Amino acid sequence: MSYSVGQVSGFAGITVRTLHHYDKSGLLSPSDRSPAGYRLYSDADLARLQQILFYRELGFPLDEIATILEDPQANALDRLRARHRHLNDQIAKLQRLVEVAENAMKVQETGVQLTPEERFEVFGELTFDLTYATDARLKWQHLEGHQRSMARAAAHSKEDWATLMAEHADWRRRLTAAFDAGEPADGERAMDLAEEQRRHISRWFTPCPTGMHGRIADDFAADPRAFALVVPPSEQRPGLAAYVRTAVHANAVRQSPAP
């Protein structure tokens with residue numbers, strides 16, 4: 001059977017213009033002509049077109065497709081293996097770009113309005129994993145305190161961030177020193193550090209009553225990503241997150257009015 005250009009275009013899902021280009025380049029020329037001079041494609045032509053579209057879908061350039069189809073000695077298998085490696089490399093590169101985009105979106109969702117360079121300068125290791133911030137946003141976005149905290153974070157300048165992070169770094173050094181010294185988690189020193197952190201949150205982000213502080217500390221002990229936003233992995237010790245949680249809850253009891 002013979003098929004017109006329009007019919008082949010419909011079969012193959014490509015444009016008439018593309019078929020004309022294939023004909024002009026010699027990649028696929030119709031085997032026959034109608035009495036009126038119109039191009040007519042045979043079943044063999046369609047089989048060749050199917051091969052062309054297969055290789056084109058894999059990303060082969062047209063001149064390489066022509067070589068594969070025209071040269072009986074051409075090693076199509078080697079070419080397919082090379083294309084397979086190339087596609088896998090592209091997939092890996094795209095996956096890395098996806099991860100970069102996802103991390104960028106997560107950082108934006110934290111409300112921290114700094115450039116990447118400024119984030120690194122201010123946060124250091126604490127910028128390396130901000131996925132918890134996204135989950136926290138979804139978990140607590142309906143709460144007024146979380147909304148206020150995001151708004152405050154978005155309004156902080158680079159200088160504000162530098163100041164609050166310096167305060168936090170000093171607190172973190174004293175926390176690990178107390179832990180390493182064996183100070184009890186429910187002792188005065190640990191509770192004072194917990195209270196200092198609660199006031200830090202209140203001053204820089206949102207009013208943080210002891211109940212809210214307790215929920216935050218529970219996340220420290222339950223989710224390593226949460227604690228990594230407070231103490232980077234390089235400074236962590238086994239049991240430190242639970243130590244902070246115990247200190248926070250002990251401080252909440254201490255802050256409760258006497259019956």
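Predicted model: local features only at pLDDT ≥ 70, side-chain atom pairs only at ≥ 80, totals over all residues.
1. Residues are numbered from 1 along each chain as its sequence is written, and side-chain values use heavy atoms, with hydrogens and water left out.

2. Helix α2 (residues 16–25) and helix α3 (residues 43–57) pack at an angle of about 100°, their axes being 13 Å apart; axes are lines fitted to C-alpha atoms, for helices over the stretch in contact, and angles run from 0 to 180 degrees between N-to-C directions. Helices here are DSSP runs (H or I, at least four residues), numbered from the N terminus. The two helices α2 and α3 are therefore roughly perpendicular to each other, a term that covers 65 to 115 degrees.

3. A search of the whole structure finds 6 aromatic pairs, where rings of Phe, Tyr and Trp (its six-membered ring) pair if their centres lie within 6.5 Å, with planes under 30 degrees apart counting as stacked, over 60 as edge-to-face and the rest as tilted. The ring centres of W161 and F205 are 5.9 Å apart and the planes are at 50°, so this pair is tilted.

4. W161, at 4% relative accessibility, counts as buried (under 20% relative accessible area, 1.4 Å probe, protein chains only), and F205 is also buried, at 15%.

5. F179 and Y243 form an edge-to-face pair, 5.1 Å centre to centre with 85° between the planes. Because F179 lies in helix α9 and Y243 in helix α13 (residues 240–255), the pair ties together parts that are 64 residues apart in sequence.

Technical notes:
Parallel < 35°, antiparallel > 145°, perpendicular 65-115°, else oblique. Buried < 20%, exposed > 50% of the residue type's maximum accessible area, 1.4 Å probe, protein only.
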